[in-house]
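Notebook open, model loaded. I want to go through the packing, the sheet and the metal site, one entry at a time.

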Amino acid sequence: MHELSIVSSVVDTVTETVAAYPGARVKEVRLRVGALASVVVDSLEFCWGIATEGTALEGSRLVVNVLPVVMHCVPCGKDVELEGVQSFRCPKCGEPCLDLRQGRELEIDSIEIDEMDEAEEKI
Amino acid sequence: MTTRIVELRRGILKKNDELAAALRERYTAAGVLVLNLVSSPGAGKTAFLEWTLTELRKRGARVAALVGDLETDNDARRLAASGAPVRQINTHGICHLDAEMIGKHLDGWEGVALGGLDYLFIENVGNLVCPSSYDLGEGIRVVLLSVTEGEDKPLKYPTMFNSADAAVITKMDLAVPCGFDRWATLKNINEIRPGMRIFETSVKSGVGMEAWLGYLEEERKARNGAGRFWVI
Ligand SMILES: Nc1nc2c(ncn2[C@@H]2O[C@H](COP(=O)(O)OP(=O)(O)OP(=O)(O)O)[C@@H](O)[C@H]2O)c(=O)[nH]1
Ligand SMILES: [Mg+2]
Ligand SMILES: [Zn+2]
């Protein structure tokens, strides 16, 4: 439900970042979103067009990389990937898992920009 | 034109996380146990807190509450009847409390200093989705679930249930008329957050409330012990 405020925050951060590259155009913004981040990817995409309008991000593409939940299983002695978020048990040995290693991420991974070359700038 | 990839690796809620970390340090230094109560609308947070504040005060504990509400101050008025200091946080349509709102309302709260409190309760906005992403620096996140809202709530809102430290089942006095499946509920909570402490309660009959107060006492003592360790 707070997808629009998340998207606005992304737009602000990217706008600040690209200010260091005068004349640059943002082509793509890549997010990393954990399966437990309680964010609906469709809603992020839905908000993107509206939120980027009139900013340096206008016309850019939003790419969301959804990360599965990874827990550390003590009996198995290693990190295991859960198939979903309906059961927090090790898929290998069935033991309950408490130690979350991945799945709550909500971050801007990277952006792809088209930078003007110096020669072009002079024209 | 040159295409360039700029790595950011930046948390979108970083500002909230930083503010929450600072709040957590303040709570620890003050020796106050802070609890963030979350649930769907109407699960019984205010009723549960009314009972808790009143009873803790009777036993000599120093308590206060912050209450988030979209538009009204009804809950704040209900809680204030317990005699505890209560401060309303009107979120004006925002569906969750965040660390900045908490910080602002702690500062300049007349007559209330964190150091003079044993417990600070925060009633979040009734919503099982958004509050799960916003750390308030709390020591314990309590998720409430009433017997009238379905045994599969934990499976529908896994983020909230997985991020909570304790679960409170409310309105147990209505369990029979509602055909509440106790076993299925306990199992579902345990699937999402294995081993989580669960209290089965009713503010009408008082069932389970003594166990809840015992838990509060236990947790506060455990933390203050740890707090003293750091002070030395
Ligand atoms: N029978 C019964 N009713 C309860 C109990 N606890 C709360 N209620 C009722 O449930 C309704 C909602 O309770 P509230 O305490 O206002 O719920 P809330 O979670 O604070 O609601 P919001 O702040 O609006 O999200 C009220 O009519 C309460 O009287 C209980 O233990 N038993
Ligand atoms: Mg309430
Ligand atoms: Zn295992």
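This is a predicted model: local features need pLDDT of at least 70, side-chain atom pairs count only at pLDDT 80 or more; totals for chains, interfaces and linings use all residues.

**Entry 1: around A:Leu31.** I looked up what A:Leu31 touches, skipping residues up to four places away in sequence. Within chain A the list runs A:Val10, A:Leu44, A:Leu62, A:Val63, A:Val64, A:Asn65, A:Glu107, A:Ile108 and A:Asp109, and from chain B there is B:Ile12.

**Entry 2: the cores.** Next I asked which residues have the most contacts inside the largest nonpolar core. They are A:Val14, A:Val29 and A:Leu31, in a core of 30 residues. I then checked which elements supply at least two residues each: from chain A, helix 1 (3-18), strand 1 (25-34), helix 2 (41-52), strand 2 (61-67) and strand 6 (106-115), and from chain B, strand 1 (2-11). Helix 1 of chain A gives the most, with six residues. There is also a second, separate core, which has 28 residues, including B:Leu33, B:Leu49, B:Phe121 and B:Trp212.

**Entry 3: the chain B sheet.** I traced an open sheet of seven strands in chain B, in the order 4-3-5-2-6-7-8, with parallel pairing.

**Entry 4: strand 2 of chain B.** Is strand 2 (residues 33-38) of chain B mostly covered or mostly open? Mostly covered: six of its six residues are buried. I checked both faces; B:Leu33, B:Leu35 and B:Leu37 are buried on one side, and B:Val34, B:Asn36 and B:Val38 are buried on the other. Strand 2 pairs with strand 5 of chain B in the parallel sense over five bridges, and B:Leu33 stands opposite B:Tyr119 there. Towards strand 6 (residues 140-146) of chain B I get four bridges, also parallel. B:Leu35 has B:Ile140 as its bridge partner in strand 6.

**Entry 5: B:Asp118.** I went to the loop between helix 4 (99-106) and strand 5 (119-123) of chain B, where B:Asp118 is found. B:Asp118 has a relative accessible area of 10%, which is under the 20% cut-off, so it counts as buried. Leaving out neighbours within four places in sequence, its contacts are B:Gly31, B:Val32, B:Leu33, B:Ala61, B:Arg62 and B:Arg220.

**Entry 6: the zinc site.** Which residues are the protein donors of the zinc ion (ligand 3)? I read off A:Cys73, A:Cys76, A:Cys90 and A:Cys93, each through SG, at 2.2 to 2.3 Å. Their spacing in sequence is C-x2-C-x13-C-x2-C. The angles among the four donor atoms are 105 to 113 degrees, and the site is tetrahedral. For comparison, the ideal angle for four tetrahedral donors is 109.5 degrees.

Technical notes:
Residues are numbered from 1 along each chain as its sequence is written. Chains are lettered from A and ligands numbered from 1 in the order in which they are written. Side-chain values use heavy atoms; hydrogens and water are left out. Donors are N, O and S atoms within 2.8 Å of the metal (3.2 Å for Na, K and Ca); water is not among the atoms, so sites may look incomplete. Four donors count as tetrahedral if all angles lie between 85 and 135 degrees; four count as square planar and six as octahedral if opposite donors are over 155 degrees apart and all others between 65 and 115; anything else is irregular. Buried means under 20% relative accessible area, exposed over 50%, partly exposed in between (1.4 Å probe, protein chains only). Contact means heavy atoms within 4.5 Å. Two strands pair if DSSP finds at least two bridges between them. A nonpolar core is a set of buried Ala, Val, Leu, Ile, Met, Phe, Trp, Tyr and Cys residues joined through side-chain atoms within 4.5 Å.
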